Amino acid sequence: MIIESILIGGAVSTVSKMVKADKLNAQAEKINVRSFERAAEAEQKVRKQNEKTQASISKLINRKRGIYQTSIATFLELYKDLQKINFEEGEGLKELSGSSLTPIAIEKMKEMTGVSRNDLTDSQVFATYIFTGISGLIKKDAEMNLSAAKIRSQYSSVMEKQSENICIALEAISKRSERMAEILKNLNALFSKSLKHSREIVERNKVDKTKYTLKDREAIMVCFNLAKGIKDILDVPLLDKDGEITKKSLDAIETGESFLSQINRTIYF
């Protein structure tokens, strides 16, 4: 009887433990399921924000590349023709070409225009248009670590508390990209008009500097200023090597917006 009681008691205890364990397992399962759901939600949130950010960066890359292939290339042709005109000191263009657009700046424009027409790897595209500019092309892809998937540090398993910070960082990058793309679009629209007007002036006056009125020279100077303003924004990196937004990009945007407002108040074309 005592043995039977012990066996029964042991059985009851075992069953009790099993029931309790089942309940605990059920609770654990619920917690795990919810944890997995929350982790999946966090990952999805980061994934969507990452896609949005990459789309913004792609827009900026395409805009920069397009401007080099069109407006900058057209400006370089205009610049070459203007060099044939022997403007003297005090006539406007001589001072302008010597101060705002140095021979080095012009050479870099030519170099980047050539690069824009080449097929580049993803890493080289990011190096050229988002991180370091033309100098990035001479670095090894592995050193740059510029995969689009590594715009920011991505984690194999994203914790919920981390996802919010990641999304905030990605959103900031996206907004900065959009602002840079927008200011480039607006400046380039004016630049295109200015280029057309300047080309008409040069074709009308040819290389005879005496035919260039003050208004003509001022119009061409605006074109040079627009070229310089756009070049400065094209050159500035959006992100540093660690994927952090650069202060230079914000400074370039603010300068560009101020310049755009100033040019819009002055009608030369």
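**Exercise 1.** Does F224 count as buried or exposed, and at what relative accessibility?

*Solution.* The model is predicted, so that local features need pLDDT of at least 70 and side-chain atom pairs count only at pLDDT 80 or more, while totals for chains, interfaces and linings use all residues. Residues are numbered from 1 along each chain as its sequence is written, and side-chain values use heavy atoms, with hydrogens and water left out. Buried means under 20% relative accessible area, exposed over 50%, and partly exposed in between, with a 1.4 Å probe and protein chains only. F224 has a relative accessibility of 2%, and therefore counts as buried.

**Exercise 2.** Describe the aromatic pairs that F224 forms with F75 and with Y79.

*Solution.* A pair of aromatic rings is described by the distance of the centres and the angle of the planes. Rings of Phe, Tyr and Trp (its six-membered ring) pair if their centres lie within 6.5 Å, and planes under 30 degrees apart count as stacked, over 60 as edge-to-face and the rest as tilted. By this rule the count comes to 5 aromatic pairs. For F75 and F224, the ring centres are 5.4 Å apart and the planes stand at 80°, so this pair is edge-to-face. F75 lies in helix α1 (residues 2–82) and F224 in helix α7, 149 residues apart, so that the pair links distant parts of the chain, where helices are DSSP runs of H or I with at least four residues, numbered from the N terminus. F75, at 0% relative accessibility, counts as buried. For Y79 and F224, the centres are 6.0 Å apart and the planes at 45°, so this pair is tilted. Y79 belongs to helix α1 and is 145 residues from F224 of helix α7, and at 11% relative accessibility Y79 counts as buried. F75, Y79, F191 and F224 form one aromatic cluster.

**Exercise 3.** Work out how helices α7 and α8 are oriented to each other, and which residues make their contact.

*Solution.* Helix α7 (residues 214–235) and helix α8 (residues 247–264) pack at an angle of about 160°, with their axes 10 Å apart; the axes are lines fitted to C-alpha atoms over the stretch in contact, and angles run from 0 to 180 degrees between N-to-C directions. Angles under 35 degrees count as roughly parallel, over 145 as roughly antiparallel, 65 to 115 as roughly perpendicular and the rest as oblique, and α7 and α8 are therefore roughly antiparallel. The contact (heavy atoms within 4.5 Å) is made by V222, N225, L226, G229 and I233 of α7 together with A252, G256, F259 and I263 of α8.

Definitions and conventions. Helices (H or I, at least four residues) and strands (E, at least two) are DSSP runs, numbered from the N terminus.
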